[in-house]
Every structure is written in C-alpha cells, then in structure tokens.
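Some terms used for structures rest on cut-offs.

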There are 2 protein chains.
Amino acid sequence: MRGVVLHAPGDVRVEERDDPVIVAPTDAVIRLSATCVCGSDLWPYRGVEEVDGPSPMGHEYVGVVAEVGGEVRDVRPGQFVVGSFFASDNTCELCRAGYQSSCVHRVPIGGIGAQAEYLRVPLADGTLVATPGTPPDDLVPSLLAASDVLGTGWFAAVAAEVGPGKTVAVVGDGAVGLLGVLAARQLGAARIIAMSRHESRQALALEYGATDIVTERGDEGVARVKDLTDGLGAHSVIEAVGTQESMMQAIRSTRPGGHVGYVGVTHDVALPGMDLFFSHVHLHGGPAPVRRFLPELVDLICDRRIDPGKVFDLTLPLDRAPEGYEAMDERRAIKTLLTV
Amino acid sequence: MRGVVLHAPGDVRVEERDDPVIVAPTDAVIRLSATCVCGSDLWPYRGVEEVDGPSPMGHEYVGVVAEVGGEVRDVRPGQFVVGSFFASDNTCELCRAGYQSSCVHRVPIGGIGAQAEYLRVPLADGTLVATPGTPPDDLVPSLLAASDVLGTGWFAAVAAEVGPGKTVAVVGDGAVGLLGVLAARQLGAARIIAMSRHESRQALALEYGATDIVTERGDEGVARVKDLTDGLGAHSVIEAVGTQESMMQAIRSTRPGGHVGYVGVTHDVALPGMDLFFSHVHLHGGPAPVRRFLPELVDLICDRRIDPGKVFDLTLPLDRAPEGYEAMDERRAIKTLLTV
C-alpha cells in the first residue's frame with residue numbers, strides 16, 4: 001500500500017509500505033477514507049523532535065473496517081469507524097475514569113502510521129466508534145476532525161471547566177484552538193475571546209462562536225483579556241500552542257480560581273513555581289482522551305449540529321502529502337486533509 | 001507593645017513596637033491570645049527570601065477584639081476571633097468564588113506582624129470569624145491552627161479533590177502536611193499515605209488518620225506509592241513542601257486524571273512541560289483561601305471533632321520567640337506556639 005514516511009526533517013515521502021495484517025486477536029484493519037496532517041507532525045518535520053530513521057506518519061483516521069481479529073466483538077467489517085491517536089482498551093481503571101490516552105495498554109497510532117491506505121488498529125473494540133450507517137461524503141472531514149483536533153479542543157474546553165455563564169479565552173488559532181472555540185460554544189460559554197492575528201482564522205473563530213478577537217500577544221494580550229473581564233481574567237482559558245510564551249499567556253489570562261486547559265504539546269516549557277503558585281489557577285491538560293468524547297462528537301456531527309471539518313482548508317490526495325506538510329509548515333494552511 | 005522583628009537572617013528579636021491603632025474605618029484591633037511561627041517564616045529567617053530592613057513577623061493569630069473602626073458592622077469588641085494571613089473583603093467577585101487570598105483588596109497580615117501583643121486587622125468584617133462565645137483555653141491552639149496550617153492543609157485536600165473512596169498521598173510531614181492528613185480523613189478518604197521519615201511525625205499522622213507510612217523519597221517514594229495503588233498512583237496528592245523534588249514527587253505519585261493540591265511555597269521550582277503534559281494530572285494550589293473554610297473549621301474545633309492543635313509541640317511565651325524559630329529551623333519542633 002501507499003503510505004507517508006518521514007526520512008529526515010523536511011524530507012517526507014509517499015512510498016510503498018507493507019499492507020497491514022491482523023497481529024493480535026484484538027486488532028482490526030481499516031481501509032482509510034481520509035487522513036490528515038497534524039500540527040504535532042510538524043515537530044519532527046521541523047526537526048524539533050528527533051527523527052530516528054524512516055518513520056511512518058499520521059495518527060488521525062476514519063475509514064471502513066476491512067478485517068477484525070478473533071477476539072473483536074463490537075466492531076464488524078463494513079462499519080464506518082472513527083478512532084483516535086492512542087488505541088485504548090476502554091476497560092482499565094484509567095479508561096473508566098475517562099483517561100483513555102493514559103490507558104494502561106495504550107498504543108500510539110503515530111507509531112503505526114495512519115497517513116496510508118490501510119491501518120492496523122490495536123484494541124479495536126476499545127478504540128473505534130462506529131457511525132450510524134455509512135456517512136455521506138460531506139461529513140467525512142468533520143468525522144476526521146473528531147479523530148484528534150476536535151476531540152483535543154473539546155478536552156481542552158472540558159479541562160478548562162468551560163460552562164454556562166463563563167468567559168473563555170483561547171490561546172492559539174490552529175485547528176485545535178479554533179475547535180476549542182467551537183467546543184466552548186457548545187458547552188454554553190457566555191463569552192469567547194479568540195486570540196488570533198490571522199484574518200482567515202479570526203473569521204472561522206467568529207463563525208464557531210467567538211464573541212471577541214484579541215490580536216495582541218504576551219503581556220499586551222494578557223492586558224487585553226483583563227480589560228474585557230473587569231481586570232480579573234477569564235474564568236477558563238484554552239491553551240492550544242505549547243510554547244513557554246503561550247503557556248504563560250494562558251496562565252496569566254486566567255483569573256485566580258479559574259481553569260487552564262492545555263493541550264499544546266509543551267516542548268521546552270518550564271513553568272516557574274512562584275508565578276504558578278500566586279496565579280491561583282487550576283491547570284489540567286495533556287494528551288486528550290479523545291475516546292471519552294467520541295460517541296457524543298460523532299452524534300453531534302451526524303446530526304449536523306457542528307461542522308468541525310471547516311478547519312481543513314487544503315485537501316490533497318494522499319500521494320501529494322508532502323505539499324500538505326509544506327503548506328502547514330509555512331502556515332499557508334490551517335490543516336491538510338488527505339483523501340485516500 | 002512587645003512584638004517580634006526580624007533584622008537579618010537568623011537575627012530575630014522581641015522588641016518594643018508601636019501599639020496599633022485604627023487606621024481605616026474597616027479596621028479592627030485585637031488583643032492576641034496566641035500566635036505562632038510558620039514554616040514560611042523560616043524562608044526569610046534562613047535568608048532564602050531577602051530581608052529588607054527590620055520586618056515585623058507573623059501572620060497567624062487568634063484573640064479578643066479590642067476596638068473596631070466606624071464602618072465595622074459584624075465584629076464587636078469582646079468577641080474572640082480567628083483570622084487568616086490575608087485580610088480580605090469577602091465580598092468581591094474573587095472572594096465570592098472562594099479565593100479570598102486573591103481578594104482584589106487583600107492585605108498581607110505578614111506585613112503588619114501578628115507575632116505581637118496587639119494586631120491591626122484590615123477589612124475586619126470580611127476577615128475575622130468569631131467563635132460562639134469565649135472558647136476554653138484548651139481549644140486556643142486548635143483555633144490558632146485554623147488561622148493558617150489547618151486551613152492550608154484543608155485547602156490542599158480540597159484542591160486535590162479528596163473525597164470518599166479515594167487514595168490520598170501526602171508529601172511533607174510539617175504541620176500543613178499533617179493537617180492535610182487530618183483534612184483528608186474528615187473529607188472521607190479511604191486510604192491516606194503519609195510520606196515521612198520522622199517517627200514523632202509519623203505517629204501524629206497515624207493519629208490524624210493516615211493508613212500507610214512511606215519513608216522513602218524521590219523515585220523510591222513514588223515507586224512505593226505506586227506499589228500501594230495497583231501501579232497507578234494516588235487519586236489525590238497533597239504537596240506541602242514547595243521544593244522541586246517534592247513537587248515532582250507529588251506529580252509523579254498521582255495517577256493520570258488525578259489531582260495534586262500544592263500549598264508549599266514553590267521557591268526555585270520550574271515544572272518541566274513535557275513531564276507535566278504526560279502526567280495527565282490536575283494541578284491546583286497557591287496561597288490557601290483559609291477564610292473560605294474558617295466557619296466550618298471553627299465549628300469542627302468548638303464541637304471537639306478535630307484536634308489540629310496537636311501540631312504545636314513547643315509552647316513558649318512571646319518573649320522567647322527566637323528560641324521557637326531556632327527549634328523549627330533545626331526541625332526539633334514541628335510548630336511553635338507563642339502565648340501572649
């Protein structure tokens with residue numbers, strides 16, 4: 001089959017890979033309908049994360065079940081399914097507590113490589129959520145978004161304790177930040193401040209429910225959020241970048257007693273103890289347990305109540321994946337969908 | 001009046017200070033019954049925090065109201081009262097949300113100096129809680145503990161989301177850690193792991209409700225907590241030290257999705273982003289909003305349902321305060337009560 005492989009920073013290729021087969025009796029193999037490039041794929045692409053030999057890429061996927069192992073009970077060939085970036089058994093104590101991305105048996109899909117024609121999904125019963133029937137083509141981008149960026153933005157909003165009557169600020173205008181806006185809206189936020197300097201992203205944030213746009217960053221961005229919140233800061237802040245500056249901007253934009261939900265992968269971040277101590281914020285985040293939210297998100301999408309697929313502003317066939325990486329790296333595209 | 005003044009690291013004296021008077025119409029002046037030395041007083045005493053000229057010391061206090069300003073409505077001369085280390089109006093939006101120690105009008109009592117015969121308390125109506133009648137002498141140490149260390153341990157337990165059925169680990173065996181054990185017990189924890197290497201402190205932890213003692217620290221301490229929790233870590237961890245090692249021990253002893261409540265003042269701490277991200281913990285803490293809990297704590301004490309005063313294992317008259325500092329600095333005493 002064809003699949004995307006990263007050889008070195010900047011050197012991403014579409015090449016022939018072995019067809020996946022059932023390895024464990026709890027596996028499924030799915031024929032992908034669509035996959036995509038993630039902001040976190042850019043870390044190794046940019047050389048920020050080390051590339052240790054040729055690596056299959058991708059961890060976001062929707063598709064049709066082709067084959068299942070002998071112990072798979074709930075997932076059947078022919079079903080259209082959505083999964084997330086960690087396979088999880090969905091039965092261990094951590095999964096039952098809603099932390100499937102810390103499942104004691106978790107398997108990172110990124111190590112298997114979802115930017116391909118076929119994908120082996122471990123722990124299929126715990127990982128995959130089937131749609132009600134085969135969805136129409138126009139819903140595929142939104143279902144694909146549920147696989148990671150929507151689920152991640154949603155987790156950030158839940159981690160930030162977004163709820164009715166609250167003021168929410170969103171740091172980061174990538175796909176996750178924009179879908180954090182959408183999640184905040186769905187979760188009933190009274191006011192949503194999107195922090196963005198890019199016009200097209202501002203437009204989508206407003207469409208997803210943002211009520212205010214703040215273009216400033218750092219100290220000035222914090223000051224603007226305080227201006228909008230009686231000097232106190234937002235109740236809930238979603239952090240969807242993962243840099244030192246963005247984390248501190250998120251913490252400092254939050255009122256004492258408020259909540260920061262952070263989902264940007266925090267490379268090279270060190271949080272100063274005294275600033276955190278006196279900020280009085282709640283801090284929660286990490287790799288989103290997307291599986292917790294998938295059934296609800298799939299329903300919202302299939303009922304056409306949300307349209308997260310709009311974050312894909314570039315669609316290319318799998319074979320042109322390198323162009324998709326390039327466009328995202330240069331911030332010409334928010335997110336690239338790859339048709340298979 | 002007599003009062004404690006720190007002149008330089010290690011140089012603490014009891015000397016004549018001006019009698020406090022009503023400055024603002026919302027002030028009260030109280031005649032102290034008892035005060036004490038806090039672990040955080042040791043930071044400047046040890047020179048870890050800079051000493052900028054002679055500084056009146058102390059922020060923990062109980063006593064009898066001597067005089068009130070013209071706008072004080074709820075507090076009356078003759079009442080026995082307990083306050084905390086930040087004066088707060090208890091009416092602003094942050095106070096109403098339960099974060100009185102971040103009150104928009106907060107005043108640090110440490111800057112006024114409660115280790116003295118009399119104390120001016122700003123924002124008296126918002127800050128002071130009266131006991132039902134004048135308490136018997138034997139309850140004074142427990143009421144004094146409510147002023148800071150009990151309220152702080154209680155906040156840590158609440159911040160760590162301690163509750164029925166949960167396993168709690170407590171990092172730190174000072175007064176706050178020990179009272180974190182007491183709070184965890186009161187809040188219904190199923191299992192309480194106290195981390196301590198000191199026999200007398202272990203004994204008090206057990207008396208306060210600890211079910212397990214772990215003497216190891218760092219990696220070994222984390223491993224022991226994991227051993228006791230099916231390899232997952234505790235649901236709730238109370239951090240009551242404030243060093244890099246203790247913060248990381250707390251975070252790493254917590255299961256994914258679990259909660260760390262940290263109240264040790266985090267001098268020289270920098271939390272590594274990636275460790276925090278993948279720990280999947282909730283982190284909350286800071287200066288305890290003791291005022292939130294004071295009415296409940298005063299009731300529990302006056303009903304003799306808790307006995308937090310046992311953390312005072314050294315009692316001295318105010319004039320011998322320097323000996324009290326020395327004993328705590330050398331860890332010969334958990335906490336020194338000063339009678340006035």
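Predicted model: local features only at pLDDT ≥ 70, side-chain atom pairs only at ≥ 80, totals over all residues.

Q: Why is the pair B:Glu93 and A:Arg255 called a salt bridge?
A: The closest N and O atoms of B:Glu93 and A:Arg255 are 2.8 Å apart. The cut-off is 4 Å between a side-chain nitrogen of Lys or Arg and a carboxyl oxygen of Asp or Glu, so the term applies to this pair. Between chain B and chain A the count is 2 salt bridges.

Q: How many residue pairs are in polar contact between chain B and chain A, and which elements supply the side of chain B that touches chain A?
A: The count is 20 residue pairs in polar contact, both residues at pLDDT 80 or more. At least two residues each come from helix H2 (93-96), strand S15 (254-262), strand S16 (270-272), helix H10 (273-279) and strand S17 (282-285) of chain B. H10(B) gives the most, with 5 residues. By type, this side of chain B has 20 nonpolar, 13 polar and 2 charged residues.

Q: What is the area buried between chain B and chain A, and how many residues are in contact?
A: About 3100 Å² is buried between chain B and chain A, with 65% of this area given by carbon and sulfur atoms. In contact are 35 residues of chain B and 35 residues of chain A.

Q: Why do strand S17 of chain A and S17(B) count as paired?
A: Pairing needs at least two bridges, and 3 bridges join S17(A) to S17(B), so the two strands pair. They run antiparallel. A:His282 has B:His284 as its bridge partner in S17(B).

Q: What makes strand S11 (residues 167-171) of chain A a partner of strand S14 (residues 234-239) of chain A?
A: These strands are joined by 4 bridges, and at least two are required, so they count as partners. S11(A) and S14(A) run parallel. A:Val170 stands opposite A:Ile238 in S14(A).

Q: Which strands stand at the edges of the sheet, and why is one side of each left without a neighbour?
A: The 12 strands form an open sheet in the order S13(A)-S12(A)-S11(A)-S14(A)-S15(A)-S17(A)-S17(B)-S15(B)-S14(B)-S11(B)-S12(B)-S13(B), with mixed pairing. Strand S13 (212-214) of chain A and strand S13 (212-214) of chain B stand at the edges; each has a single partner strand, so one side of each has no neighbour in the sheet. Direction ignored, neighbouring strands of this sheet are turned by 20° against each other on average.

Notes
Residues numbered from 1 in each chain as written. Chains lettered and ligands numbered in written order. Heavy atoms only, no water. Contact = heavy atoms within 4.5 Å. Buried area = accessible area lost by both parts, 1.4 Å probe. Polar contact = N/O pair within 3.5 Å; in protein donor to acceptor, adjacent residues only side chain to side chain. Nonpolar A, V, L, I, M, F, W, Y, C, P; charged D, E, K, R; others polar. Axes fitted to C-alpha atoms, helices over the stretch in contact; angles between N-to-C directions.
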